[in-house]
Amino acid sequence: MDHFLYRNGVLHAEDVPLTEIAARVGTPFYVYSTATLTRHYHLFTEALSPLPHQVCFAIKSLSNVAVLKVLADLGAGMDVVSQGEYLRAKAAGVPGDKIVFSGVGKTRAEMRLALEGGIRQFNVESEPEMRALSEMASSLGVKAPITIRVNPDVDAKTHEKIATGKKENKFGIPIARALEVYAEAARLPGLQIVGIDVHIGSQLTDLEPFEAAYNKVADLTLALRAAGHQIDRLDLGGGLGIPYTRSNEAPPLPSDYGALIKRTVGHLGCEIEIEPGRLISGNAGLLVSSVIYLKQGEGRDFLILDAAMNDLVRPSMYGAHHDIVPVLEPAAGTEQQDYDVVGPVCETGDTFAKQRSLPPAGPGDLIAFRSAGAYGAVMSSEYNSRPLIPEVLVKGDQFAVIRERPTYDEMLNRDKLPEWL
Ligand code: LLP
């Protein structure tokens, strides 16, 4: 459920008509709903209660500091994967002891920043990283709290580009080697083992792979404890999928996922940490765009929008489906037509949808892409020298621009001419 509904014939974000935002900020833009973000965050905290738990929002899915602050004010921790994300979490007021640092390639500079600024734990992904972290922590006279990310060799049954838990993927250490790697970690002077980490992929629409992975983590918890390690915390990653269409079967709910967690690892007495991104932010955001032209092609009509693949890359990158809806509600019984929905960028890959059935649309019409809150704005670029588009946050009947559209001067002035040119 989200808070983007038609009222009086106009699609609203909470109590704000999208036509009003479009008139104020121009198109294209991203818009996020505070109520939806809040609701989704609470679905997870409710699903995990009464287990001791911490929900750490995966910043990579939607990293605007205002959005992070909405979640931080509710008590969310953050899962970060870079210096930039760590600094965003801090800028949103998240205390260091609620920030988890994930990622296969943490640099020494990033380790230092987090050790000095405060960290809940590093999710270590390899032995070289573990040794580097121990050295860095020792040089600062502290111990770095760690989990080790294990790769359970489970097929997440999702798009191959976002599956992370198979042995051929670059993530984590093979679970079969975990005892050996934990033994080395325990010997390193700069580390303090606090638990285990696992994350098997994103947009999972079936609970079975989670179950397989979490059962393996439960067994490993017992084995590591038997070997003398203190395992108090399980970071179970993110990855729960969302409905991208209104028609197809809905993926499992956070409550089903919570029940699965309780069933598989709830008896271990560990604090449970999860790192959801998409389920919190995905359906909390829309991309709103205008039609520039309706072009009649050979046997097909093209709706040419002012948004493009540089603004929302998921369709061209993963073949992802986003529902497209008109901002002005069509009259009941309006006949739909098939369109290829495309952007102005100069490559055929700049196609949002092929032969999509939509109510008739033409120049100047506003349309919205649903489920665009996660991996939308964060993956945008300036390809074709198209400035990044604004982000807007709605709360009730208020809205605010939380990232401005840069001016062309700002974009051009980042380029520098060498004095010899
Ligand atoms: N934790 C770790 C270690 C991750 O790598 C990810 C996502 C998450 C948590 C959050 O997963 P989520 O709950 O959002 O599924 N750009 C792709 C998705 C990439 C996901 C990367 N890792 C897309 O647009 O579908």
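This is a predicted model: local features need pLDDT of at least 70, side-chain atom pairs count only at pLDDT 80 or more; totals for chains, interfaces and linings use all residues.

Colleague: Which element gives the largest share of the side of domain 1 that touches domain 2?
Modeller: In the contact, 21 residues of domain 1 meet 22 residues of domain 2. On the domain 1 side, strand 20 (391-395) and strand 21 (398-403) are the elements that give two or more residues. The largest share is four residues, and it comes from strand 20.

Colleague: How do the residues of that side of domain 1 divide into nonpolar, polar and charged?
Modeller: Seven are polar and five are charged. The nonpolar residues number nine.

Colleague: Which residues come nearest to the ligand?
Modeller: The shell around the ligand draws at least three residues from each of domain 1 and domain 2. Helix 10 (278-281) and helix 11 (314-318) each supply at least two. Of the 21 residues around the ligand, the nearest are Ser 202, Gly 238, Gly 277, Arg 278 and Tyr 375.

Colleague: How many residues of the shell around the ligand are charged?
Modeller: Seven residues of the shell are nonpolar and nine are polar. The charged ones number five.

Colleague: How far apart are the farthest two C-alpha atoms of the UniProt "binding site" positions?
Modeller: The unreviewed UniProt entry places this feature at Arg 278, Arg 314, Tyr 318, Glu 347 and Tyr 375. They span 98 residues in sequence, and they do not all gather at one spot because the farthest two C-alpha atoms are apart by 27.8 Å.

Colleague: Is Tyr 375 buried or exposed?
Modeller: Tyr 375 sits in the loop between strand 19 (366-369) and strand 20. Tyr 375 touches Ser 61 and Arg 314, leaving aside residues up to four places away in sequence. Tyr 375 has 25 C-beta neighbours inside 10 Å, and the cut-off is 20 or more, so Tyr 375 counts as buried.

Colleague: And Tyr 318: how does Tyr 318 count by its C-beta neighbours?
Modeller: Tyr 318 is found in helix 11. Tyr 318 touches His 159 and Lys 161, not counting residues up to four places away in sequence. With 15 C-beta neighbours inside 10 Å, Tyr 318 counts as partly exposed.

Note on methods: Residues are numbered from 1 along each chain as its sequence is written. A residue is near a molecule or strand if its C-beta atom, placed from the backbone, lies within 6 Å of it. Ala, Val, Leu, Ile, Met, Phe, Trp, Tyr, Cys and Pro count as nonpolar, Asp, Glu, Lys and Arg as charged, and the others, Gly among them, as polar. Domain bounds come from an automatic or database domain assignment. Two residues are in contact if their C-beta atoms, placed from the backbone, lie within 7 Å. UniProt positions are given in the numbering used here, feature names are shortened, and annotations may be inferred rather than shown by experiment. A residue is buried if 20 or more other C-beta atoms lie within 10 Å of its own, exposed if 12 or fewer, and partly exposed in between; C-beta atoms are placed from the backbone.
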